[in-house]
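Hi,

Here is the structure I promised to pass on.

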Amino acid sequence: MLFNVGPLEIIGIIVVIIFILMLPRIVRMRLISSVVRATNELEAMVKDSQELLVKLCQEKGNPSKDLHELVENYLEFFVIPPVDLDPNGIVEKYRRILDLSEDHFQRMAQELAPEADPEWISNIIMTLKSTLGLKGVFKMVRHNLVLAQKTGNLQILLMLQMSLPLIMRIVKAQFEGTMAFSEGKPIGDGLGPLIAGMLLKKHVELEERDGMMVGRREMDGRHVIIARAKGPGARVGKVGPTITALIQEEGLKRIITVDAAVKLEGEQTGSIAEGIGVVIGGPGVDKWMIEESMAKGDLETDAVIVKMSPEEAISQMNEEIMKASKKALCVVRDSIYRTEIGSKVLVVGVGNSSGLPNIITEPGKIDIKKIENEDFKEGRAWRF
């Protein structure tokens, strides 16, 4: 017989056919299971962040309203970007919308904590923004999960499941950043204000401009103007308008911007690099304003960056970043000394000022995270 098939072979063939037919369903179930676990973890972080915000407002602001309902409403806040079909004037439109959104967050914080002082109001605003970001990620992950479940679309699940490790790394770090804001502790992105604060001397007179602190000092015949976000509350300040005004008012020769920068995988946290240009993150409005004024004034520009991972930038500052800030301070000083004697130099410490006093005479007293093991040091602790 050509086909002498026994009962065991028939059963095996049937099992293989059933397995082939059921494979997409099995894969879908496993994918859904892993995505559901991640979604539940995201939801738990959002709820914990909301509780942190409520607790912070209760401790600092003596609210008279139900905070849980207020916070829930505020976490649905959104900003609609301007139409960019015609790019002419788009930056000014962005600037106006960003200013309006900041005013709205200020009003929210005042309502959540009416008796809080200005520094804690800024911490509440940053905690609210961070919680809003966490909820946005959670809602997008949940949306794709539910859509895949309703339509049975395996491709959506596969894309979502493959993206989850990166999503969870960033979200867990942002959750830690939310805790740092609620406790008034510094984050990795505070490196710029930290270096600027160390550059200021103890008895320098400071001037406040649009959430920025500006101080002046002499360094071996150079007149150095130092600007950074006002601390110790969590602020980034209006860098663009402040620096533009200083360029117009002062006869500047050079601008030096100092900021944290995202490192590539394999690069060492805390490594320092120098370059040319204006190093400022965000939507680009502040950078555009400074570059416009810089081009008209024919200024020299230096940029100093300290590299770190995205997770380190948005979570509590650690030992490596603190050590790197002291080395970067020397690089900034060298850049200042390259300027001609008698010239004016502007040093801008770009970043979030959470937990950082305006003038930092004793960096060792700043509350930073201790690195306990190699897993955290290499970033493996954030892998999903």
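First a definition you will need throughout: contact means heavy atoms within 4.5 Å. By that definition, the buried residues of α7 pack against β1 (206-209), β2 (212-219), β3, β4, α8 and β7. Buried here means under 20% relative accessible area, with exposed over 50% and partly exposed in between (1.4 Å probe, protein chains only). Helix α7 covers residues 239-249, and its buried residues are V239, G240, T242, I243, T244, L246 and I247. Helices (H or I, at least four residues) and strands (E, at least two) are DSSP runs, numbered from the N terminus.

Some housekeeping: this is a predicted model, in which local features need pLDDT of at least 70 and side-chain atom pairs count only at pLDDT 80 or more, while totals for chains, interfaces and linings use all residues. Residues are numbered from 1 along each chain as its sequence is written, and side-chain values use heavy atoms, with hydrogens and water left out.

Now the overall picture. The chain has eleven helices and seven strands, and its C-alpha atoms fill a box of roughly 105 × 55 × 50 Å along the principal axes. Of its 384 residues, 48% count as buried. Among contacts with a separation of 6 or more, 80% come from residues 24 or more positions apart.

Next, the cores. A nonpolar core is a set of buried Ala, Val, Leu, Ile, Met, Phe, Trp, Tyr and Cys residues joined through side-chain atoms within 4.5 Å. The largest one has 33 residues, and those with the most contacts inside it are L194, I195, L199, V258, V332, I336 and V347. At least two residues each come from α6 (191-199), β3 (222-229), β4 (252-262), β6 (300-308), α10 (319-337) and β7 (344-349). The biggest share is from α10, with eight residues. Leaving aside residues up to four places away in sequence, L199 touches R217, M219, I226, L329, V332, R333, I336 and V347.

The axes of α1 (residues 7-61) and α2 (residues 67-74) come within 10 Å and cross at roughly 125°; axes are lines fitted to C-alpha atoms, for helices over the stretch in contact, and angles run from 0 to 180 degrees between N-to-C directions. That makes α1 oblique to α2, since angles under 35 degrees count as roughly parallel, over 145 as roughly antiparallel, 65 to 115 as roughly perpendicular and the rest as oblique. On the α1 side the contact is made by Q50, E51, L53, V54, C57 and Q58, and on the α2 side by L67, H68, V71 and E72.

A second pair is α3 (residues 90-112) and α8 (residues 285-297), which pack at about 130° with their axes 10 Å apart. Here V91, E92, Y94, R95 and L98 in α3 meet V285, W288 and M289 in α8.

Finally, where does T269 sit, and is T269 buried or exposed? T269 is in the loop between β4 and β5 (272-275), and is buried, with a relative accessible area of 9%. Not counting residues up to four places away in sequence, T269 touches K263, K307, M308, E312, E320 and I321.

Best wishes
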